[in-house]
Amino acid sequence: MSPAGTFAGLFFLILAFYCGTDPFKHSAISQFPDFEAYAVDMPPWSQLPIERDTQNLLQKSEIKFLNQVQGPESIAFDPLGRGPYTGVADGRVLFWDGQSWTDFAHTSSNRSELCDPKPSPLSYLKNEHICGRPLGLRFDKKAGDLYIADAYFGLMKVGPEGGLAISLTTEAEGVPLRFTNDLDIDDEGNVYFTDSSTKYQRRNFMQLVFSAENTGRVLKYNPTTKETSVLLRNLQFPNGVSLSKDGSFFVFCEGSIGRLRKYWLKGEKAGTSEVLAVLPGFPDNVRTNEKGDFWVAIHCRRSIYTYFCALYPKIRKFLLKLPIPGKLQYMLHIGGRPHAAIVKYSPEGKLLQILEDSQGKVVKVVSEVEEKDGQLWMGSVLMPFVAVYNFA
Ligand SMILES: *[C@@H]1O[C@H](CO)[C@@H](O)[C@H](O)[C@H]1NC(C)=O
C-alpha cells in the first residue's frame, strides 16, 4: 500500500473510532444516549413537485415588528378581526392593537426573570419548560376563546380578556403530551391537535428532526366529556392541523416525510386518512383561507442531502456523531441556508401556488401563513419578525 493509502486508511480508522465513541462529546447527539435514527419512507423523487417561484416573489414582503417579537410561530386574528395575536419565545401571547404590542396571555403560572428578554429566539430554549412556549393559536369564533397548543403545557384555553391560560388536557391514553404543536376547532368545539413526539420536547426539535422517530400523534379533545382520544399514532413529527372549510375533514402536516395528510371526519370514509399531497419540502403549520384552500408553510425545501439521510438512517447517525455542533448539522439539513417557501393547495390536493424567497434575502423559515384581506401574514418560530406579503 502506498504511504498515501496507508494514511487515508489510518484516517478513516480513527474517524470511525472517534464517531463510535465520541470521546469529547462534541457531536449533535452526545447529550442523547438513547438517540436512534429511523428511516423515513420518502416518496420517490419523481413524485415530488417540481414547481418553483423563479421570481422569488416573497422578497417583495414587508418585514414588520423587527425585534419586537421573538419567534412568532403562529398568527391569529380574533372573531372581530383584531390583531394579530402571536405566541413568542418567552412564553407570552402578544396582541397587536393597531398601535403597539401588549401582553395578552401566558401559559406558565411560574414565570420569573428566567423568561426575561434575550437576544434571539433560540436563546429561550433552555427555559421553555418553565416559561412555556405557545405554538399553534386558534380563536373559537363563537365564544371568542383563544385555544393554545403549548409545546410543554399541552392544550390550553384563555378567555377573550386574556391572562393565564387554563389547561384542557396534558395526556392521552395515559401517555403525557410532550410536544403539543398545533390545533383546530370544529363547530361543536372538538379540538383536533398534534403531539409531535412523546420522546423529544420542543427544545430538542433538532434531535427530533435528526431522529425522525415515530411517536407523534394526532388527537381529539372532546369538550363535553373532557376526554382526549388518539386518532392516529406512530407518526414522524406531525405538525400543523387545519379543518376543511366544510368541516368534512382536516388536514395535518407530516413533518419528517414532507406530506399533507387528510383525515376524514364525515361521510363513509370518516375515521380514515389518506395522503393529500407530497410537499416540496418539510412543513410546519397549515391554515385554511376563506375560499377553503390550504396554505402550507414550508420550513425548508427538500435537498438531495436530506433525501439521502432520510433513506439511510445508519449513515445519518454516523454523520451526526461527527464533531459538528447541532446547529451546523441542522443547517445542513435545511439546505445550507435559511430560506422561505409557502405553498397553496386546493381541498383536492392540487398545488395552486408557490411563493418563495429561495435565498432567504427577506423572508426565512416560515412557520405559518395566515391569509387575511388580500395579505399573507407569515410567522416564524426562528425569526424576530412577522413578514407580510400583499397579493392584491
Ligand atoms: C418554577 O420555576 C423555577 C425557576 O424559576 C423552577 O426551579 C421550578 O421548578 C418551577 N416550578 C414548577 C412547579 O414548575
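Predicted model: local features only at pLDDT ≥ 70, side-chain atom pairs only at ≥ 80, totals over all residues.
1. Start with the loop between β2 (75-76) and β3 (85-87), which is where Pro-84 sits. The peptide bond leading from Gly-83 into Pro-84 is cis, and its omega is near 10°.

2. Asn-67 lies in the loop between β1 (62-64) and β2, and its phi is positive, about 65°, although the residue is not a glycine. Is Asn-67 buried or exposed? Asn-67 is exposed, as there are 10 other C-beta atoms within 10 Å, and the cut-off for that class is 12 or fewer.

3. Val-365 also has a positive phi, near 30°, and again this is a residue other than glycine. You'll find Val-365 in the loop between β24 (351-357) and β25 (368-372). Its surroundings are another matter: Val-365 has 20 C-beta neighbours inside 10 Å and therefore counts as buried.

4. On to the chain overall. The C-alpha trace spans about 75 × 50 × 45 Å along its principal axes. A compact globule of 392 residues would have a radius of gyration near 21 Å, and the chain has 21 Å, so the two agree. Of the 392 residues, 46% count as buried. As for contacts between residues at least 6 apart in sequence, 55% of them join residues at least 24 apart.

5. Which residues touch the most other members of the largest nonpolar core? That core has 96 residues, and the answer is Val-296, Ile-298, Ile-342 and Met-378. Strand β22 (residues 294-301) supplies the largest share of the core, with six residues. In general, nonpolar side chains in soluble globular proteins tend to be buried together.

6. Val-296 deserves a click in the viewer. Leaving out residues up to four places away in sequence, Val-296 touches Cys-253, Leu-260, Leu-279, Pro-283, Val-286, Ile-342, Val-343 and Tyr-345. One of these partners, Ile-342, is itself among the residues that touch the most other core members.

7. Helix α4 (residues 304-311) has two sides to look at. Its buried residues are Thr-306, Cys-309 and Ala-310. They cover an arc of only 100° around the axis, which means they lie on the same side of α4. Those buried residues pack against α5 (313-320) and α6 (326-333). Over on the other side of α4, Ile-304 and Phe-308 are exposed.

8. Now for a strand residue. Val-230 belongs to strand β16 (residues 227-235) and is partly exposed, with 13 other C-beta atoms within 10 Å. Its contacts, not counting residues up to four places away in sequence, are Ala-172, Glu-173, Arg-217 and Leu-219. Take Arg-217: Val-230 is 13 residues from it in sequence, and the C-alpha to C-alpha distance is 6.8 Å.

Note on methods:
Residues numbered from 1 in each chain as written. Helix = DSSP H or I, 4+ residues; strand = E, 2+ residues; numbered from the N terminus. Arc of directions from axis to C-beta. Contact = placed C-beta atoms within 7 Å. Core = buried A, V, L, I, M, F, W, Y, C linked by C-beta atoms within 7 Å. Rg over C-alpha atoms; globule rule 2.2 N^0.38 Å.
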